[in-house]
Amino acid sequence: MSAYIVRRALQAVVLLFIVSIVTFGLIHTAPGGPALLQNPDLSRVQIERFRAQLGLNDPLPLQYLRWLRGVVRGDFGRSYNTVEPVLGLVAGRLPNTLILTGIGLCLSLLAAIPLGVASATRRNSAFDRIVAGFTFLGVSTPVFWSGIVLIVVCSVKLKILPAGGMYTIGAAYSLADRVRHLLMPVFVLAVANLAEVTRYTRSAMIDALGEEYVRTAHAKGVPASAVIFRHALRNALVPVITIIGVYLPRAVSGAAITETVFSWPGMGQLAVQSAATRDYPVVLAATLAVALVVVCSSLIADLAYGYFDPRIRLG
Amino acid sequence: MRCTNWQSTGLRDGEEGVAVEADDLLLRLRDANARVSRRDVLRMAALSGMAIAAREAGGPLGRLNAVWAAGPVRGGVWRMAIAGNPTAYPITIPGKLVDILVDKTIYSTLVHYELRNGAIGVVPDLAESWSANSALTEYTFRLRKGVKWHDGQPCTAEDVKFTLDALLNPKVEAGLAGVVSSVAQTQVVDPFTVKFVLKYPYASLPVMLGYNIAIVPKHLLEGQDLNQPVQFLQHPIGTGPFKFKTFARDGYLEVEANKDYYGGAPLLDGIVFKVVPDSNARLAQLRAGEIDFTVIDPPQVAGLQGASEIEVRRAPQVNYYFFAINHGSARFGDVRVRQALSYAIDKDAIVRNILKGDGRVATGPISPLLGGYYNSRVPQYPYDLERAQALLSEAGWRKGADGVLVNGKGERFTVLFNGPKGYPVMEQVMTYAQQQYQRLGMAVTLDIVDWPVHLQKYHDRQYDLLMEWWITPPDPDLYDHYYSGSPDNWWGYKNPQLDTLLVRARSEPDPQARVALYQQVQEMIAKDVPVVYLYYPPELQAVNKRTHGLPVMGYRDALTWMTKVWVDHP
């Protein structure tokens, strides 16, 4: 098992290396330079000077090697938009996104798995159709609309929830305050993902329930609930774990719209803003962070398979 | 006691104008060493102002009574939305708008701007007075005495020299270097007198020194890496009315009142700059009462109609929107073609229908806010499509078989029209312009791109027409953008007569003669159409009515007057 993990780790390093090269090439060849150099008040003379100072006139491979040398020493450079070190910037934002998307994912799992199981066992009933209807509504409503509508209803009209941010400014730390700020963005995220996970669980359950061992268990006289939860569900969860493994990297970067609408200072917002303003060091660091999460989450998913289904042996 | 001034400025609340006037008087009385308190001055203002207000305001007399009984109150925090994370350090490049806004409260400049009777003028701030030699090549500024940095150290001419030297140092990534590029040398004459020796005669130096040139402390920055002074960035120190308190990297920057501020302690306890990137979210937070101020776009005005606690203000700003013309393109070389481009656009209709009345048709690059400098009697180009067509015809462009203009050499009149993405008003104007130009027979292709790409194409002149705006200091000097040889002449415009006039005007020591020269400049520009001037927009601000005393100016300038602002307490 440990040999397996070591092998995966080495593969991960190679992967990250390739990702960094591709990303570097892509962002530098994208049209338009760093937005900070395109401040309309800057004179042409200054723009040329800054380009030279930032090393943007050097050939690309040289710029990449310079960046790599810094990374090896732990220095990811300075953001072009704010003078702060990139590593600190990304490290500060990452937990905020993970909290948001982590809780969102947990909520949608908590809701989706029972809903999926219930839909599978009541296939084609009214309950099944209603659940399908609601979840599709959830996945087709764009977040930038549903988010703003929620803010208007809950913050502007009813004034029961704050309109954005992570916490109330100036107030002392309070868990209740954090939870109040989390409620709307997490709800929006969870609803958006509910449909997918519900449908996958439902179809995985239907497949599992059609297996021969289920019929055998029924014939043996095992109570229905035990058949569903002790036998079928564990097997149905394997494809669901795949989905979660695919979902996790999206969790880091894909909440950009939610984060923007709710002024949630997270990775998605950072990635979008830095890409739009061509803040190269930040874009690189953010992409690598996502790549790292992809690698880790696929490793966790693979290990989880082994736990849920002993037939899958790793190594 | 100039209490009647507020009537002419058209402010809605009588008390704002009177409080501003009263504070002016207070400062002057204090400077003359008179022992008065703000309360005394305001009480005098209240008595006379109330009589006027009661007559003029009519209806809500009860409310006015209550406000005047309370008067400006101390305490409370004012919250403003900004679009990104600020860095409260005015020397290096980010120099983004949000940095500038925050810096206005923490730091001071030598002078700042005031709106009086519809014109923006320069008033003393850190500098008490200044004078220049007759050739306008040397300026002497006398600094206010007794100014302290937030850490208690005295602010002197050494700090001013340090700041200017830092900005002009080629190794420092200073975004504002261009603003003070006229300065060759800064000399400390004595602890409270600075002398600027300029590279060329330049009348506009005092105005430029008020354009975001915040003075930074030498004793904290000397010897540090000015591109990334790590310790200073964690706790910036200035001489402004507010002191840096906290920066939560994930969401806001808070400043607190500087009780020892030389202009008098602010009425507010503090200001919070909340980072809210999305413009709809800013509006939502304003309506939910979580922020007190945000700048809005014309399409968002309608959404605030029903909100009784929000006031939409149209603040004058020195800004004009225009279509840049690429003078490298041969077909724009004929002035008749350029004039046709202007005749074909109904600017009144744009102001009426797209801006919903919030704006004024532009006659040239100098704004009416520049008072006497503004020349309203220049040739204008009222909407006349036939005239435009006739001018094009005279210039040799006639419609071919496919309806597109062709000249004698068989070249077709194609136009690549560039604009930035994400600005609905600009996109509407450009779509309208495209239709109009197509009626004339031009084959117009719209090229609406991301902001960085847009500016890159602007700088590299990869366009035929391009829509942009220009926010400038309140000064008529046009040299940088209109002089043929200037590296910042982005459009490649060449007019030797204008060049001579521009150099003469900015070196002219006599104010009357300067005004006359700039009137001529505007005449010449209006006839020659270097770019198509569109409109002067006001800055649209949405403010919570608990805010009082905020001058009705663009927020870049209003934020330099925060000592006068107070808020209602719940």
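Predicted model: local features only at pLDDT ≥ 70, side-chain atom pairs only at ≥ 80, totals over all residues.
Start with Ala286(A): setting aside neighbours within four places in sequence, it is in contact (C-beta atoms, placed from the backbone, within 7 Å) with Val90(A), Met267(A), Leu270(A), Ala271(A) and Ser274(A). Residues are numbered from 1 along each chain as its sequence is written, while chains are lettered from A and ligands numbered from 1 in the order in which they are written.

**Cores**
- Ala286(A) shows up again in the largest nonpolar core, where, of 222 residues, Ala286(A) and Phe323(B) touch the most other members.
- A nonpolar core here is a set of buried Ala, Val, Leu, Ile, Met, Phe, Trp, Tyr and Cys residues joined through C-beta atoms within 7 Å; buried is 20 or more other C-beta atoms within 10 Å of a residue's own, with C-beta atoms placed from the backbone.
- Helix α7 (residues 175–209) of chain A supplies the largest share of this core, 14 residues.
- There's also a second, separate core of five residues, including Leu42(A), Ile47(A), Phe50(A) and Leu54(A).

**Helix packing in chain A**
- α11(A) packs on helix α12 (residues 280–308) of chain A at about 140°, axes 9 Å apart; helices are DSSP runs of H or I, at least four residues, and strands are E runs of at least two, numbered from the N terminus.
- Axes are lines fitted to C-alpha atoms, for helices over the stretch in contact, with angles from 0 to 180 degrees between N-to-C directions.
- From α11(A), Met267(A), Leu270(A), Ala271(A), Ser274(A) and Ala275(A) meet Val282(A), Val283(A), Ala286(A) and Ala289(A) of α12(A).
- By class, that contact has eight nonpolar, one polar and no charged residues (nonpolar: Ala, Val, Leu, Ile, Met, Phe, Trp, Tyr, Cys and Pro; charged: Asp, Glu, Lys and Arg; polar: the others, Gly among them).

**Where A meets B**
- The contact takes 43 residues from chain A and 39 residues from chain B.
- On the chain A side, α2(A) gives the most, with six residues.
- That side divides into 18 nonpolar, 19 polar and six charged residues.

**Sheet in chain B**
- Four strands form an open antiparallel sheet, ordered β4-β5-β7-β6 (chain B); strands pair if DSSP finds at least two bridges between them.
- β4 (127–132) and β6 (183–190) of chain B are at the edges with a single partner strand each, so one side of each has no neighbour in the sheet.

Conventions. Contact = placed C-beta atoms within 7 Å. Buried ≥ 20, exposed ≤ 12 C-beta atoms within 10 Å, placed from the backbone.
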